[in-house]
Amino acid sequence: MRSRFVHFQLRDLLLIMLPVLIVIAGATWFALRFAHPAPPETLVLSAAASGSPYYRYAERYRAIFERNGVKLEIRESGGSSANLKSLSDPASGVDAAFVQGGLASSNDTRGLQSLGRIAYEPLWVFYTGSTTLERLTELKGKRVLVGPAGSGTSSLAERLLAANGVTRETASLINHELPDYVDLLAKGDADAGLLVLAPEAKTIQRLLRTPGVHLMSFTNADAYAQRFPFLSRLVLRQGVVDFAANIPPNDSTLIATTVAVLVREGLHPALVNLLAQALQEVHGQSTVDGGGDVQLFRSAGEFPTATDPEFAFSDEARRVYRSGAPLLQRYVPFWVATTVDRLMISLVVLVPILIPMLRFAPQIYDWRVRRRLIHWYGELKRLEASARSASTSEERAEKLRELETIEAAVDNLPIPLGFADRLYQLRQHIELARRRLTFAARF
């Protein structure tokens, strides 16, 4: 009897809970698959040429990603312009890139987010000759190197030269690869050259040490910073590059753009968060890079910036710079923290489903138990109705036997303890029906 009762209870629970579990599992799958999917296992970062400062930065990011079980694929590129183009093309497969400030138009900023600026990239103006140059307007009529066609250097150089009235109509603007500047200026094949490079770049270091080649100091650097929000004023102090050789020989005022790390707007938040952590670890603590080279213009804590003058700023990056890594990631591996985070977010989908289901499940269980009792009440009512037409003692005796069958079935009815009062009421009504049938049989 007890095993039969347990069997019925389990069956009831399964009939009620199984649909609930199926709905919960389906909602969980939907939430994890669509509402907050798992992050990709690989992030593709477009850097620059191998060996460049930004490629070396990317390699340091990769070490941090590997430490967290995520692959960072570094792609070589022709520079900022190529990076911006790849990032704007959904078919390129590029998720993030280094992009020089001042390159993007209003159309280029759509669908992209900034994780902040990570380093200064000065506009270096080197020139030859005995006459000191202090303004870009003084380059009119001269042979000026403006970088490779379509490059970030060329774009910024021509933009600033045009603002000073120096165009291809008023000067000879020459597109050339940046490493060639050293020989072209040293041989007198060009009068000046504009470069946008990090100060630790090999070409800059060579030009600073080339005899007869001078670095221009901007007298109106503050005006450029006011006119162009993406530019800043910097001072290269006397002798800071090489104290023994006193390079540069004088304080030089420069103007500089900054390099942003950009991501696609739809990049998974967990990867954005991890990349922001990498930026903060690599650029945020020291004025010495991973190879021991001193960063001339960077102060500790200055980069990465938590604002961007050109692009929409990532909320994920802002949270990292304000509060550090998410709490779970400080104690458990990245993938564990990400999975827990996804499960927590899935509760937003599950709770509105669970509350009504858990609310109605007891009512459904109550209805199933009551239905068993109601079934035998129906049988009892049918029996009483048919007993009224019984005219012989044999017919009435048959009705009493049917009543005993009903009573035996009710005695074996598996009913939970909470519904025992209703079971005893049914038994009392069966006894009442028996009395009425017995009384009718006597008369």
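These are my notebook entries on one predicted model of a protein chain.

**Entry 1: the whole chain**

I began with the confidence scores. The chain averages a pLDDT of 84. I noted that 85% of the residues score at least 70. Over residues 4–8 the pLDDT is below 50. Beyond near neighbours in sequence, that stretch has 6 contacts in the model.

Next I looked up the secondary structure. The chain has 12 helices and 11 strands. The chain has 443 residues, and 44% of them count as buried. The exposed surface comes to about 22700 Å². Carbon and sulfur atoms supply 55% of that surface.

I also checked how far contacts reach along the sequence. I took the contacts between residues at least 6 apart in sequence. Of these, 75% join residues at least 24 apart.

**Entry 2: helix H4**

I picked helix H4, which covers residues 152–163. H4 has 12 residues. From its first C-alpha to its last, H4 reaches 17 Å. That is close to the 16 Å expected at 1.5 Å a residue.

Which residues of H4 are buried? I found Gly-152, Thr-153, Ser-154, Leu-156, Ala-157, Leu-160 and Leu-161. I noted a general point here: an α-helix has 3.6 residues a turn, so residues three or four places apart point the same way.

Then I looked at what follows the helix. Gly-165 comes after H4, and its phi is positive, near 80°.

**Entry 3: salt bridges**

I searched the whole structure and found 18 salt bridges. I followed up a few of them.

The cut-off for exposed is over 50%.

I then turned to Arg-318 and Asp-315. Their side chains meet in a salt bridge, 3.3 Å from N to O. How far apart are they in helix H9? They are 3 residues apart in H9 (residues 315–323), so about one helical turn separates them. Arg-318 has 31% relative accessibility, so I counted it as partly exposed. Asp-315 has 49%, so it also counts as partly exposed.

Asp-411 and Arg-427 make another salt bridge. Their closest N and O atoms are 3.3 Å apart. Asp-411 lies in helix H11 (residues 393–411) and Arg-427 in helix H12 (residues 420–442). The pair therefore ties together parts that are 16 residues apart in sequence. Asp-411 is partly exposed at 35% relative accessibility. Arg-427 is partly exposed too, at 28%.

I also found a network. Salt bridges link Glu-407, Glu-431, Arg-434 and Arg-435.

**Entry 4: a nonpolar patch**

Leu-328, Val-336 and Val-340 make a nonpolar patch of about 200 Å². Val-340 is in helix H10, which covers residues 334–387. Val-340 has 33% relative accessibility, so it counts as partly exposed. Patch residues need over 30% relative accessible area.

**Entry 5: another look at H10**

I stayed with helix H10 and looked up Glu-379, which lies in it. Glu-379 counts as partly exposed, because its relative accessibility is 24%. I then checked Glu-379 against Leu-403, 24 residues apart along the chain. Their C-alpha atoms are separated by 9.1 Å.

**Entry 6: Arg-110**

Where is Arg-110 found? I placed Arg-110 in the loop between strand S3 (96–100) and strand S4 (112–128). Arg-110 is exposed, because its relative accessible area is 62%. I then looked up Arg-110 and Phe-311. They are 201 residues apart along the chain. Their C-alpha atoms are separated by 8.4 Å.

Conventions:
Residues are numbered from 1 along each chain as its sequence is written. Side-chain values use heavy atoms; hydrogens and water are left out. Patches are made of residues with over 30% relative accessible area and no salt bridge: like charges are joined within 9 Å, nonpolar side chains (Val, Leu, Ile, Met, Phe, Trp, Tyr) within 5 Å. Accessible areas come from the Shrake-Rupley method with a 1.4 Å probe; for residues, only the protein chains shown count as cover. A salt bridge is a side-chain nitrogen of Lys or Arg within 4 Å of a carboxyl oxygen of Asp or Glu. Helices (H or I, at least four residues) and strands (E, at least two) are DSSP runs, numbered from the N terminus. Buried means under 20% relative accessible area, exposed over 50%, partly exposed in between (1.4 Å probe, protein chains only). The expected span of a helix is 1.5 Å times one less than its number of residues. pLDDT is the predictor's confidence in each residue, from 0 to 100. Contact means heavy atoms within 4.5 Å.
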